[in-house]
Each structure stands twice: as C-alpha cells, then as structure tokens.
Amino acid sequence: SAPQRIRELIAQDRPLVQLPGAPSPHQTQPKESTHAWYFEPRADGGTWRGGSLRIDDQRLVWQAPLDARPAVNIPWEELTGADLVERKAPSGQNVVLQLTTKKTSVYLAMAQPDQWLKLFRSQTPQHTDKKEGADA
C-alpha cells in the first residue's frame, strides 16, 4: 500500500527518523512501570501532576500523557539517594518518595511507595571509591 511504501522510503533515506507508533532504537523496554504523581516545582509552590513512571536498566522516567518529553529523566548513575518523606499527596497516602541527585530532589507519589523505595535503593550506586581511598 502507499502508506507502507512511504514508511519504507523514509526508513531507507533517514533511518533515525522515528515514525509514530514505532519503538525508538535508543529506547529500552521498561522493567517496571506504574501510574505516579510528580510534584512539579513552580513559582507558586508547585503542583502534583499525574503520569507514568517507567524504569529500565539505564534510567527512571516520569512523563505526563500530554507532555512532549519526560519531566523527569534520571540516569541511575546520577541517583544519590531515595527516601520516604511525609507529604500530602494525591495518591491518598501521606508518604512520598524523595529521589535525590547531586543537583536536585524529585518527589513522586504512587501506590505502594515502600516497594518502589526498595527498588530505587537497589539502583543507587554505592560510593565504594571514597571508602577505598580513605584506607590508602
């Protein structure tokens, strides 16, 4: 058919062009995903936004359904900490996940935050280099 032929010609001419519905060659399959709320800081204090939290071998990503790109995109090597903190959230719980990087903290609310905390802590790099350097 004509649309299929157009796709084939585009793929031949520009192999890195991503067609709608086609998986990105740089995108890995998520290991886990869930509905989550992201606390988006704003000048008036911030707001909770609903969307999808996905994790794979390289990173965690949160994106609202109508966003063109993720609002949160943290490679695992940048994650320095994960904790549960008390904060009113739309998940119906008063506990949210605080994910920390060297630059910022990100707050996410979802069902069963304690299970996600274990998962995020398992991805937090251990800073063994500093310990080894102290012994030298």
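Me: What makes strand β6 and β7 a pair, and in which sense do they run?

Reply: In this predicted model, strand β6 (residues 95–101) and β7 are joined in the antiparallel sense over four bridges. In β7, Tyr-107 is the bridge partner of Gln-98. The two strands, β6 and β7, form a hairpin with three residues between them.

Me: How do you know that strand β1 and β7 pair?

Reply: Strand β1 (residues 32–40) and β7 share two bridges in the antiparallel sense. The requirement is at least two bridges, so β1 and β7 count as paired. Leu-108 in β7 is the bridge partner of Tyr-38.

Me: Why is the aromatic pair of Tyr-38 and Trp-62 called tilted?

Reply: The ring centres of Tyr-38 and Trp-62 are 5.1 Å apart, with 40° between the planes.

Me: Why are Tyr-38 and Trp-62 called buried?

Reply: Buried means under 20% relative accessible area. Tyr-38 has 10% relative accessibility and therefore counts as buried. Trp-62, at 0%, is therefore buried by that cut-off too.

Me: What makes the pair of Phe-39 and Trp-48 edge-to-face?

Reply: The planes of Phe-39 and Trp-48 stand at 65°, and their ring centres are 5.2 Å apart. An angle over 60 degrees counts as edge-to-face, so the pair of Phe-39 and Trp-48 receives that name. Phe-39 has 14% relative accessibility, which is under 20%, so Phe-39 is buried.

Me: How do you know that the charged end of Arg-87 sits over the ring of Phe-39?

Reply: The charged end of Arg-87 lies 4.3 Å from the centre of the Phe-39 ring and sits over that ring. The distance cut-off is 6 Å, so the value of 4.3 Å falls inside that limit. The charged end of Arg-87 also sits over the ring of Tyr-107, 4.3 Å from its centre.

Me: Where in the chain is confidence lowest, and where is it highest?

Reply: Confidence is lowest in helix α3 (residues 128–135), at a mean of 40, and highest in strand β7 (residues 105–109), at 95. Over residues 127–136 the pLDDT is below 50, and this stretch has zero contacts in the model beyond near neighbours in sequence.

Note on methods
Residues are numbered from 1 along each chain as its sequence is written. This is a predicted model: local features need pLDDT of at least 70, side-chain atom pairs count only at pLDDT 80 or more; totals for chains, interfaces and linings use all residues. Side-chain values use heavy atoms; hydrogens and water are left out. pLDDT is the predictor's confidence in each residue, from 0 to 100. Contact means heavy atoms within 4.5 Å. Rings of Phe, Tyr and Trp (its six-membered ring) pair if their centres lie within 6.5 Å; planes under 30 degrees apart count as stacked, over 60 as edge-to-face and the rest as tilted. Buried means under 20% relative accessible area, exposed over 50%, partly exposed in between (1.4 Å probe, protein chains only). A charge sits over a ring if NZ of Lys or CZ of Arg is within 6 Å of the ring centre and within 35 degrees of the ring normal.
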